[in-house]
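Please read these notes alongside the structure shown below.

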Amino acid sequence: MLDLILKNCTIIDGTGAPRYEADIAVEGDSIEEIGRLDHAVSKEEIDAHGLTVAPGFIDVHSHADFSLPLEDHDEVLSPLAMQGITTFVGGNCGFSTGTVPAARRREIMDNLESLSGRKLDEISWSTPSEFMSFMERRGMLLNVGLLAGHGTLRIGASGLVTRLLTGDEQACLERLLDEAMEAGCLGMSTGLQYFPGVQSDTVELAGCGKVLKKYGGIFTSHLRSYAHTLNLAMDEVIEVGRSCGIPVQISHLYWQPYMKGFTSITKAFISVASYLYNRIGIPVPMEKGLAGKLKILDNARARGVDVHFDMVPTSQGFTELAAFLPPYLLEGSLSDSLTRLADPSFRKRMLHDIEHVEPEWPHRDGATWSFNYLKMTGWNGLRVMAVGSEANRWMEGKTFPEIGRERKKHPLDVICDLLIEEEGKVMVFHTPTFPDDPLVFRSMWAGFIHEMSMPVTDTILRPMGRPSHVFFDCFPRFLSEFVMRKKLLTMEEAVRKCTSLPAEVFGIRRRGVVKKGYFADLVAFDAERLRTRANFNEPRVHPDGIYHVFVNGRAVVSNGQFRKGTLAGKMIRKK
C-alpha cells in the first residue's frame, strides 16, 4: 500500500517543461509513480484539483543554520515551510556555524553572534561533521545543505587580523576547508564586505578554490562592493572560478548607484528618480543599470566560467550594523572593538573617514573600503532591524537620525552607543530611499528574469526583532510578481528558478524535480490565489495560496496550516 496519493494535480515538474495533468504516488520519502492512478490504494489521498504541484522550493542563500540548534527551531523556521521551502543552504556570506576550533572559539563565536544577533550558547561542536551528526540525531524541519564559511575558517587559521595571511596561516585555512568538504559541505561561501573576509585577496581565495576543485564544490560570494566598483568585485570572483575551474555563485546581487567624487549628486539623483516614479508615475528605467552589469556574467559564461547568481525580492537589504563601519574597528576581540567605540577620538576618526574618504578598490585598506554605504546614502540609509534588549526595542524600524533626534546625538554617536549597549549584536535594514520603494525593486527586475538567477530569502530569523518580509514571502512574492502581475516569466520558467536550477548549481541530488525516484519534496499551491500581503511594516504575514508542503514525503503544511513537530528534513552531504 502506498503512503500518499495526490490526485488530479497540475504538475509543473521544475525542469521548465510544460505543465501536465497527473496523479503523484508517494512511498516513504520518495515519489513512487506519476500518472493516472485510479486503482492505486494508499493510506492517505489528497484531491489536488485546481492546485499546481511543483517541487519544493530550494533556498540556496540562507542563514537559517543559526536557528537549527534551537529546541524549537521548527517553530522559528516555520515561515520558510509556510511559503513552500523544503530545502535551504546555510553557511552563507562567510559565516558558518560548523567550524569552531577550540583554539579560536571565542573569536569565532563573537563573529557569528554579530550576524545572528543573539548568543549561540547551544553550539557545542568543533567540526562540520560533528554539527551535521548532531542535527541528524536531533531532527530538522527542512532539508539542509551547508557551506563552509571563509570568514569563519579564516578566524580559525589566523584570528581577527587586518592583513593578508602568512604562508602557514593560508595552509591552515585550506586544511580547515578540506576538513569541511570531507564532512560533506557543498562548497565555500565568502563575505568579502565583512571582516575578516575583507582582508583577503584573490590569491588567498584561489588557494581555497583549489580545495573546492578537489571535491567538486561551489564558490559563493557576498561581494566586496555592490556600488561603483561592482564590476571589479564581480571580476574577482569570476577569476577565482576561471582559474580554479569551479562553479561560482554571486550572492544577493543588486546595484547601488554611486559616482565617486559626486556623493551629493548621486543622492539627489536617487531621490529625484524615486519621486518621479512613485509620485508622478514616470517609468524611470532603473533596471537598465543592473542590466549592464549582467553582461559581465554573460561574457564570463561565454568564456566557459560556470557562474550564476541569486537575488532577494525586497527593496531593503539587511545585515549586521558593524559591517557599515570602517573595517579597522573590528581588529582583535569584541571587547577591543567596544572599547574603541567608546573613545571620542576614535569616533571622530570614523566620522571623518565615513563622510570624507572616497571608497577605493580593493576594499582592504583603512578608510578606503569600497562599500562605504553610509557615504553613498547618508545617515538615513540604515534602520534598526533587531536588538536584544527590551530597553532599545523602540528603535526598531527607525533611522539613526530619527533616534538621534530623540537622544539629542549625532547619528554616529547613536550607532556607537547602541553597539556598546547591545554588545555588538545589532541588525539593520539598508535602503537608499525608503522601505518598500517600488523604484528600488524595479532596479532589480533585469536580474530576476535573467536565465542565471534564482530567488533567495537570506534568512536570519530570530525569536525577537523585526524580520524582513522575505522570510515569510520570498518565493510566493517572486512568483506572483514576475509571473502573475508583470508577466515577465512563465510559471514554468519561474518554478525552474526556484527548484531544479538551484539543485543543479549546488549539486543537490534527487531534489528540485517532480520525477519518479526523486525525494518527495512537494508544494501544492493555487496559482490564481498566490499572493503576499506582507511588507516592511507588517512582515509577519504568511502568503495566500500555499496549501500543502511535503518534505521527504511527510506533510509539514496541510491545508494551509503548519504542522508543528514534524521533523522530516535530511542533511544533504556533498557526494
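1. Strand β14 pairs with β15 (residues 427-430) in the antiparallel sense, over four bridges. Strands here are DSSP runs of E with at least two residues, helices are runs of H or I with at least four, and both are numbered from the N terminus. Two strands count as paired if DSSP finds at least two bridges between them. Within this pair, R383 stands opposite F429 of β15.

2. This is a predicted model, in which local features need pLDDT of at least 70 and side-chain atom pairs pLDDT 80 or more, while totals for chains, interfaces and linings use all residues. Residues are numbered from 1 along each chain as its sequence is written, and side-chain values use heavy atoms, leaving out hydrogens and water.

3. β14 and β15 belong to an open sheet of three strands in the order β13-β15-β14, with antiparallel pairing. At the edges are β13 (317-320) and β14 (382-386), each of which pairs on one side only.

4. Strand β2 (residues 20-27) runs antiparallel to strand β3 (residues 30-35), and five bridges join them. I24 faces I34 across this pair. Two residues lie between the strands of the hairpin, where G28 takes a positive phi near 65 degrees.

5. Helix α10 (residues 287-302) has 16 residues and spans 23 Å from first to last C-alpha, close to the expected 22 Å; the expected span is 1.5 Å times one less than the number of residues. Its buried residues include L290, L294 and L297, where buried means under 20% relative accessible area, exposed over 50% and partly exposed in between (1.4 Å probe, protein chains only). Among the elements covering the buried residues of α10 are α8 (230-244) and β12 (307-311), with contact meaning heavy atoms within 4.5 Å. Just after the helix, G304 has a positive phi of about 100 degrees.

6. The structure holds 35 salt bridges, each a side-chain nitrogen of Lys or Arg within 4 Å of a carboxyl oxygen of Asp or Glu. One of them joins R19 and E492 at 2.9 Å, N to O. R19 lies in the loop between β1 (2-11) and β2, and E492 in helix α19 (residues 491-498), so the pair ties together parts 473 residues apart in sequence. R19 is partly exposed at 41% relative accessibility, whereas E492 is buried at 11%.

7. Which residue forms a salt bridge with D178? The partner is K214, with the closest N and O atoms 2.9 Å apart. D178 is partly exposed at 23% and K214 exposed at 58%.
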